[in-house]
Amino acid sequence: MNHAHTPLGWAVPAAGSPAAAGPVLLAEDPRSLPVLRLLERVAPSDATVIITGETGTGKEVAARSIHAASRRRGPFVAVNCGALAESIVDAELFGHEAGAFTGAAAARAGWFEAAHGGTLFLDEIGELSPATQVKLLRVLQERQVVRIGSRRPIAVDVRLVAATNVDLEDAVARQRFRHDLYYRINVAPIRLLPLRERPGDVLPLAGHFVEHIARRRSIEPVRFTPRAQAALLAHPWPGNVRELENAVEFALILARGGPIDDVHLQLAPSLPAAAPSAVAGETAEAAAAEEVQAPPAADAPAPQSGAGDGDLYDELSTFFERLMARGDDALFQSVEEVLVRAAYARCRENQVQTARTLDITRNMLRTLLKRYGLLGLPGDTDEAAAAVPPSRTPLRFQVIDHSRRASQLDAAESAAPLP
């Protein structure tokens, strides 16, 4: 397959190639070149690839580039493991026979069979359940799948490219990901840098998006003014390449065919990047501890800059001791609600990230979100909605004094005139 090259390395696939229709990997920043050179070397082989990086860094784009530059002529099939319900994930991946379970009216091939001769991209592979991980390991070892409801193995020729934004080594240590599967897929690891670590790629990517969107809309591409270029370079891009593409598309709409200026970019205020442990080296416990730092009591000394984990533990212990001294009869529920609300707000209401931060399952998180009025589902009862106090504003750390609330209600009832 032919590729266009820049003086700095592998960049835009040639026109007419499968990868030319969508986003591409550009290399103008020197820090990006080793990644692209590694992709060039890995692509022609059949080695299993694991791609890590923050959300929006282009993991699927990298996977498509690997497939396009490989010798495989089969299809590229992308599957988001995090979007598959646990009850159907096996049927989706490995297929099923007619009558294998309720609703299986006809036999159906799974994604492994659909990718025969090509590449199967499993995004968010860290979200697979332990039971599915066992079956996936066997498929990768035997190169055969067995549909649900069948005993006949079906040979498959599939190259696996997996991606994750979690630290799989940490997940293995916490027994949330099988160590044998980890070593099976960790043949060719590739880490994609966040956009803030490769600023030299910002303007080339922005220019590519302008040309791509203009071609898609049959309009003339426009240029960026110096002020717009300065704004693009100054922005930290917590959403990475995906955020940049969206900003450029909206700027084209506002510019109405003229040059894109800084006022057209409408860049959102900087939010903390969703820095999972695969990129930042943090564990879920560290992220949760950072979020639930309690304010010190009125008579407690203010924490000094650079306080360590021991100081934080002492502050939290003192704070909870004061709470228990108040005689709160629902202390655990109060603290639980604060923790869930704080983590959910920090993760920008992303359930997968929140569950990972709290080190609980997603089903358990949904139960807690529903309990505290953060998740409304069809069929919720009026009693559940009434149990949530009105006008509850999420705070970094908020404690509900149930005993004080009960005293206020008793006083209100005593003051009310008798019927």
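**Close-up views of a predicted model**

**View 1. The largest nonpolar core.** This core has 30 residues, and F112, L120, L122, I125, L136 and I185 have the most contacts inside it. A nonpolar core is a set of buried Ala, Val, Leu, Ile, Met, Phe, Trp, Tyr and Cys residues joined through side-chain atoms within 4.5 Å. Two or more residues each are given by β4 (76-80), α3 (89-94), β5 (119-123), α5 (130-142), β8 (159-164), α6 (168-173) and α7 (179-185); helices (H or I, at least four residues) and strands (E, at least two) are DSSP runs numbered from the N terminus. The largest share, four residues, comes from α5. The model is predicted: local features need pLDDT of at least 70, side-chain atom pairs count only at pLDDT 80 or more, and totals for chains, interfaces and linings use all residues. Residues are numbered from 1 along each chain as its sequence is written, and side-chain values use heavy atoms, without hydrogens and water.

**View 2. Surroundings of I125.** Leaving aside neighbours within four places in sequence, I125 is in contact (heavy atoms within 4.5 Å) with I50, C81, L136, A162, A163, T164, F177 and I185.

View 3. C81 counts as buried because its relative accessibility is 3%; buried means under 20% relative accessible area, exposed over 50%, and partly exposed in between (1.4 Å probe, protein chains only). C347 is also buried, at 14%.

**View 4. Residue L254.** L254 is found in helix α10 (residues 240-255). With 33% relative accessibility, L254 counts as partly exposed.
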